[in-house]
Amino acid sequence: ASMAAEAPADGRRHEGKHKHVSMADALFAEGKAANAAGDAELARGFFESAFVCQPRLAFLLSMGNMHLKLDETEHAEAIYRHVEESASASDKEKEMARRKLAEAKARTESVAAMVETCAVADADVHTLMSVCQRLVEALAAGPSEPRSVSAALAAADLSERDKLLQEVELAR
């Protein structure tokens, strides 16, 4: 008699689990549709919701992919590392995580290189402005100073620019 009383409760729990799974699948499908439509932020939200309903690594990988599309590489890298290190991840999921982690790291390194290039370019502009200022001063100084542009440039101290170019060359 007690087993009969337990059966409905087990059935309801089982039924509730299926509702979560089908809800998770529906949310995941919405995420894929949003991604296909080019809305990575909306897709990420659907994938996160799907993961909350049913914590599957496939949902987590999709979430990581959206973070990567949104240039949120730190979040993406953390997700990919988690999947890669997960004992329950399939070989296919681990391989995808490794591949996407490498992609995220490459983006991070690329952004760092661009920032460094911009910093060098900015420093180069300041050096050029300094040289131009000295050129203008030399040209405005009067007859005792060189009047031609080439003579003024020769008189200007270009050592700052030379140092900067040497630093750039060493950084490569």
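Let's start with one side chain. Setting aside neighbours within four places in sequence, Arg 44 is in contact (heavy atoms within 4.5 Å) with Met 63, Met 66, His 67, Leu 70 and Glu 72. A caution on the source: this is a predicted model, where local features need pLDDT of at least 70, side-chain atom pairs count only at pLDDT 80 or more, and totals for chains, interfaces and linings use all residues. Residues are numbered from 1 along each chain as its sequence is written, and side-chain values use heavy atoms, with hydrogens and water left out.

Back to Arg 44. It sits in helix H2, residues 40–53. Helices here are DSSP runs of H or I, at least four residues, numbered from the N terminus; strands are runs of E, at least two. Is Arg 44 buried or exposed? Buried, at a relative accessible area of 13%. The cut-offs: buried is under 20%, exposed over 50%, partly exposed in between, with a 1.4 Å probe and protein chains only. The Arg 44 side chain also makes a polar contact of 2.6 Å with the side chain of Glu 72. That term means a pair of N or O atoms within 3.5 Å; within protein, one must be able to donate a hydrogen and the other to accept it, and residues adjacent in sequence count only if both atoms are side-chain atoms.

Now H3, residues 57–69. Of its 13 residues, 11 are buried, so H3 is largely enclosed by the rest of the structure. Among the buried ones are Met 63, Met 66 and His 67. Just after H3, Asp 71 has a positive phi of about 60 degrees.

Overall, the protein has 7 helices and 0 strands. Buried residues are 26% of its 172.

Technical notes: The expected span of a helix is 1.5 Å times one less than its number of residues.
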